[in-house]
Amino acid sequence: MDMLGAIVPLLLMFAIFYFLLIRPQQKRQKKIQQMHSSLEKGDKIITIGGLHGTIDALDDERIIVVVDNGSKLTFDRQAVRDVTNRD
């Protein structure tokens, strides 16, 4: 009986830890991966460095972003933080 009394609080702590920390992080990561895979030419984006631009071309790993002055910059897909023209 003492063993069960020691295991129950540990299991309860793990369940709380899972639902408060692990599960929300997994949901956020899945949402980010979905956003990266659905990038399209013409999307207005913000990079993790804060650069605002429009996707001009993309492949499996990289995107080419056009900024306001017409410069074309190449980034990894993972550098995209947000797509601003979608709701």
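Helix H1 (residues 2-37) has 36 residues and, at 1.5 Å a residue, should span 52 Å; the 51 Å between its end C-alpha atoms agrees with this. The expected span is 1.5 Å times one less than the number of residues in the helix. This is a predicted model, in which local features need pLDDT of at least 70 and side-chain atom pairs count only at pLDDT 80 or more, while totals for chains, interfaces and linings use all residues. Residues are numbered from 1 along each chain as its sequence is written, and side-chain values use heavy atoms, with hydrogens and water left out.

**Secondary structure**

- The protein chain contains one helix and five strands, arranged along the sequence as α-β-β-β-β-β.
- Helices (H or I, at least four residues) and strands (E, at least two) are DSSP runs, numbered from the N terminus.
- At Tyr18, H1 bends by about 40°, the bend being the angle between axes fitted to the seven residues ending there and the seven starting there.

**Overall dimensions**

- The protein chain is more spread out than a compact globule, because its radius of gyration is 21 Å, well over the 12 Å that the globule rule gives for 87 residues.
- The radius of gyration is taken over C-alpha atoms, and the globule rule is 2.2 Å times the number of residues to the power 0.38.
- The C-alpha trace spans about 70 × 20 × 20 Å along its principal axes.

**Surface and contacts**

- Of the 87 residues, 18% count as buried, where buried means under 20% relative accessible area, exposed over 50%, and partly exposed in between (1.4 Å probe, protein chains only).
- Among contacts (heavy atoms within 4.5 Å) between residues at least 6 apart in sequence, 38% join residues at least 24 apart.

**Nonpolar core**

- The largest nonpolar core has eight residues: Met35, Leu39, Ile45, Ile55, Ile63, Val65, Val80 and Val83.
- Strand E3 (62-66) and strand E5 (80-83) are the elements that give two or more residues to this core.
- Such a core is a set of buried Ala, Val, Leu, Ile, Met, Phe, Trp, Tyr and Cys residues joined through side-chain atoms within 4.5 Å.

**Two positions in helix H1**

- Ala6 lies in helix H1 and counts as partly exposed, at 42% relative accessibility.
- Met13, also placed in helix H1, is exposed, with a relative accessible area of 56%.
- The C-alpha atoms of Met13 and Gly49, 36 residues apart along the chain, are separated by 37 Å.
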